[in-house]
Amino acid sequence: MKYSEIDILMASSESTDRRTAATMLGDSGDDAAVERLVVLLRDANSGVRDAAQSALMFTGGRTAVERVAPLVAEIDPGLRNAAIDILRKIGDDGIDVLHGLARDASDDIRLFMLDVLGTIGNSESVDVLIGGLSDPNPNVRNAAVVSLGLLGDPKAFEHLKPLLDD
């Protein structure tokens, strides 16, 4: 795909042009499109951001997970929440990336990742979620409990039972 037209639309001062660019990028779905869509997630216009978010959800893939996952650490709550919503939809495409972030130094990132993993519902996440039960942060532990409940894997029960008084 030629990106020269899309790059012009992305640079436009008109939000309708930037939304059009997001739609076109969503239709192409390659790695170069993902990079540009992540840029559009930061746009000042909410319609452009929504179009970029929808396009990333439609595109999916490991590259999209890798590029969107770091946005969970953003200070801007709108961008962070968009990233979380995208990962809930496409995170299975790069589940190992999310597993790594579930062990991040930041309490918030661990909390968000454990929540996302529960929503995704991939059985490969059970051990990561069980690991979250021993997190020093009680909110992270709670996210692990809730997410394990969503997965419903009987393996989790033996790890949850000792936490009844936590």
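**From the whole protein to one residue**

The protein has an accessible surface of about 8400 Å², and 50% of that area belongs to carbon and sulfur atoms; such areas come from the Shrake-Rupley method with a 1.4 Å probe, and for residues only the protein chains shown count as cover. This is a predicted model, in which local features need pLDDT of at least 70 and side-chain atom pairs count only at pLDDT 80 or more, while totals for chains, interfaces and linings use all residues. Residues are numbered from 1 along each chain as its sequence is written, and side-chain values use heavy atoms, with hydrogens and water left out.

The secondary structure comprises 11 helices and 0 strands, where helices (H or I, at least four residues) and strands (E, at least two) are DSSP runs numbered from the N terminus. The C-alpha trace spans about 60 × 25 × 20 Å along its principal axes. Of the 166 residues, 46% count as buried, that is, under 20% relative accessible area with a 1.4 Å probe, protein chains only.

Asn137 is found in the loop between α9 (126-132) and α10 (138-151). This residue counts as buried because its relative accessibility is 15%. Leaving aside residues up to four places away in sequence, Asn137 touches Asp107 and Arg110, a contact being heavy atoms within 4.5 Å. With Asp107, the side chain of Asn137 forms a side-chain polar contact of 2.9 Å. A polar contact is a pair of N or O atoms within 3.5 Å; within protein, one must be able to donate a hydrogen and the other to accept it, and residues adjacent in sequence count only if both atoms are side-chain atoms.

Technical notes. Buried < 20%, exposed > 50% of the residue type's maximum accessible area, 1.4 Å probe, protein only.
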